[in-house]
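Colleague: I am new to this model and would like to learn how to read it. Could you take me through it feature by feature?

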Amino acid sequence: MYDMFKKPAESSKSLGFELLSLDMTKLETRVRFDGKAEFTNPAGYVQGGYLSAMMDDTIGMLATVKMGTTKFPSTIDLHTHFLRPVRTGIIEVVARLRNIGRQVIFAEADLYDSRGKEAARATASLAINPMKAPARPTKEQHNG
């Protein structure tokens, strides 16, 4: 896996991504995130967009490892059910690949709060794309 991800994505770093387990036989992974105070809504709970991003990040990593270095999966649909509010602290996500077709991967994830209670569920569809070279920054972006 580390051959594919030499350096974590900035989005993963900002969410506090920490790989706990990766089982490619079961097509399942568990990832820990840091539910930071900066992620909270006015009620003091972690805002749902961050929770969705954590599940998407976990599913995306697992699908990318499965595809190897020649194909790149990208999320085309993410449907989230929020089951309970999530307080700041450790958040864990378990993701599974359910079906891998020629053009689409179907996956799901469960998100657990710091007490270990299931707080959200997501299902996702990911398009399988050919791997391309990373986009180069434009002159304006580079000189920023």
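Predicted model: local features only at pLDDT ≥ 70, side-chain atom pairs only at ≥ 80, totals over all residues.

Colleague: Which way do β2 and β4 run?

Modeller: Two strands pair if DSSP finds at least two bridges between them. β2 and β4 run antiparallel, joined by eight bridges. Take E28: its bridge partner in β4 is R96. β4 is also joined to β5, again antiparallel, with eight bridges.

Colleague: What do β4 and β5 form?

Modeller: A hairpin, with three residues between the two strands. β5 and β6 make a hairpin too, with five residues between them. Nine antiparallel bridges join β5 to β6. F106, for example, has S125 in β6 as its bridge partner. β6 pairs with β3 (residues 71-82) as well, antiparallel over 11 bridges. There, S74 has A127 as its partner in β6.

**Backbone angles**

Colleague: Which residue in the turn between β5 and β6 has a positive phi?

Modeller: G116, at about 85°. Most residues other than glycine have a negative phi. Now look at L27: its phi is positive, about 55°, although it is not a glycine. L27 sits in the loop between β1 (18-23) and β2.

Colleague: Is L27 buried or exposed?

Modeller: Buried means under 20% relative accessible area, exposed over 50%, partly exposed in between (1.4 Å probe, protein chains only). L27 has 18% relative accessibility, so it counts as buried. Across the protein, buried residues make up 33% of the 144 residues.

**The core**

Colleague: Which residues touch the most other members of the largest nonpolar core?

Modeller: A nonpolar core is a set of buried Ala, Val, Leu, Ile, Met, Phe, Trp, Tyr and Cys residues joined through side-chain atoms within 4.5 Å. The largest one here has 30 residues, and M54, I91 and L111 touch the most other members. Two or more residues each come from β2 (28-35), α2 (48-67), β4 (89-100), β5 (104-112) and β6 (118-130). α2 gives the largest share, nine residues.

Colleague: What is I91 in contact with?

Modeller: Contact means heavy atoms within 4.5 Å. Leaving aside neighbours within four places in sequence, I91 touches residues including V31, F33, M54, V86 and L111.

Colleague: And T58: is it buried or exposed?

Modeller: T58 lies in helix α2. Its relative accessible area is 0%, so T58 is buried. Beyond neighbours within four places, T58 is in contact with T29, V31, F33, V93 and A95. For the whole protein, take contacts between residues at least 6 apart in sequence: 64% of them join residues at least 24 apart.

Colleague: Where is H79 found?

Modeller: In strand β3. H79 counts as partly exposed, because its relative accessibility is 42%. D56 is 23 residues away from H79 along the chain, and their C-alpha atoms are separated by 9.9 Å.

**The cavity**

Colleague: How many cavities of 30 Å³ or more does a search of the whole structure find?

Modeller: On a 1 Å grid over the protein atoms alone, a cavity is a set of points where a 1.4 Å probe fits but cannot get out; lining residues have an atom within 4 Å of a point. Grid points are joined across faces, edges and corners, and a volume is the space filled by probe spheres set on the points. The search finds one such cavity. The largest cavity has a volume of about 40 Å³.

Colleague: Which residues line the largest cavity?

Modeller: P85, V86, R87, D113, S114 and R115. Ala, Val, Leu, Ile, Met, Phe, Trp, Tyr, Cys and Pro count as nonpolar, Asp, Glu, Lys and Arg as charged, and the others, Gly among them, as polar. By that scheme the lining has two nonpolar, one polar and three charged residues.

Conventions. Residues numbered from 1 in each chain as written. Heavy atoms only, no water. 1 Å grid on protein atoms, 1.4 Å probe; cavity = no way out; pocket = protein on both sides within 12 Å on 5 of 7 lines; lining within 4 Å. Helix = DSSP H or I, 4+ residues; strand = E, 2+ residues; numbered from the N terminus.
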